[in-house]
Amino acid sequence: MSEQPAPPWRTRPRSRAPRQALSQQAVVDAALAVISREGLGGLSMRRVAQELGTGPASLYAHVSGREELLELVVDRASAEITVPEPDAERWTEQVRDVARQAYRVYATHTELALASLATIPTGPNALRVTDGLLAILRSGGVPPQPAAWFLDRLFLYIAGDAYEGALYAEKVRASGQDRAAWWARMRAQLSGYYRSLPPERYPHLREHLEELMAGDGDTRFDFGLDLLIQGVAAHVPRRE
């Protein structure tokens with residue numbers, strides 16, 4: 001298998017030989033450790049170097065900077081996602097399965113959902129997932145342009161939904177309550193507030209309050225995912 005080239009905008013100095021004990025994998029592992037303890041905002045080349053007991057300059061033989069480090073961290077998480085061989089008869093089900101896997105990965109590694117936003121996939125795992133999904137879409141008859149735009153919107157939807165879930169999880173942790181108790185209290189407060197709104201100004205919100213409050217995060221995610229898949233499926237030419 002041929003070696004994967006580096007993106008043309010990324011350069012690394014060649015003047016210094018890297019330390020024997022340091023590797024790109026070690027740098028990514030250290031970055032994940034920093035993120036898990038201090039959040040994405042705590043990630044810096046200096047902080048990762050401290051985690052490894054070295055100076056920031058030694059990291060640049062392995063990563064070009066924080067931007068590439070974030071891409072590598074996201075790519076490491078993408079290794080957990082499996083993509084099946086395309087099946088034209090089951091393509092919508094296959095897309096749904098891969099999307100749910102990605103959602104679980106981002107929901108587990110909460111800070112990575114934020115890191116993935118505005119990050120173009122260049123790592124081998126992210127590219128594998130993207131290429132595999134594109135193959136599935138094309139096998140189902142989705143034209144190239146709608147398939148490409150669908151993937152962009154799909155990953156944005158997954159990351160955004162997972163990141164919102166991470167923000168709620170942080171609120172739960174800060175409250176000192178368990179998840180069920182926190183959500184029960186929040187729903188009760190929201191319900192009471194909406195019912196207190198002037199009915200002449202917000203008649204529809206009051207009338208459909210139960211529908212607005214229904215469904216957990218997974219149910220709502222699946223609903224949105226189905227809308228996206230149905231939307232791209234509408235671009236498949238009809239067979240005569």
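The following conversation concerns a predicted model of a protein.

Colleague: How many helices and strands does the protein have?

Modeller: The secondary structure of this predicted model consists of 11 helices and 0 strands. Read along the sequence, the pattern is accordingly α-α-α-α-α-α-α-α-α-α-α.

Colleague: What box do the C-alpha atoms fill?

Modeller: Taken along the principal axes, the box is roughly 70 × 60 × 25 Å.

Colleague: And what percentage of the residues count as buried?

Modeller: The protein has 240 residues, and 34% of them count as buried.

Colleague: Which contacts account for 67%?

Modeller: Among contacts with a separation of 6 or more, that share belongs to residues 24 or more positions apart.

Colleague: Turning to pockets, what is the volume of the largest pocket?

Modeller: The largest pocket has a volume of about 930 Å³. It is lined by 26 residues, and those closest to its centre are Tyr-168, Arg-179, Trp-183, Asp-216 and Gly-217.

Colleague: Which elements give two or more residues to that lining?

Modeller: They are helix H4 (91–108), helix H7 (144–175), helix H8 (179–196), helix H10 (209–213) and helix H11 (217–233). The largest share of the lining comes from H7, with 9 residues.

Colleague: A change of topic: how many positive and negative charges are there, and how far apart are their mean positions?

Modeller: There are 28 positive and 30 negative charges in the protein, and their mean positions are 6 Å apart.

Note on methods: Residues are numbered from 1 along each chain as its sequence is written. This is a predicted model: local features need pLDDT of at least 70, side-chain atom pairs count only at pLDDT 80 or more; totals for chains, interfaces and linings use all residues. Side-chain values use heavy atoms; hydrogens and water are left out. Helices (H or I, at least four residues) and strands (E, at least two) are DSSP runs, numbered from the N terminus. Buried means under 20% relative accessible area, exposed over 50%, partly exposed in between (1.4 Å probe, protein chains only). Contact means heavy atoms within 4.5 Å. Lys and Arg count as positive and Asp and Glu as negative; His and the chain ends are not counted. The place of a charge is taken as NZ of Lys, CZ of Arg, CG of Asp or CD of Glu. On a 1 Å grid over the protein atoms alone, a cavity is a set of points where a 1.4 Å probe fits but cannot get out, and a pocket is an open set with protein on both sides within 12 Å along at least five of seven lines; lining residues have an atom within 4 Å of a point. Grid points are joined across faces, edges and corners, and a volume is the space filled by probe spheres set on the points.
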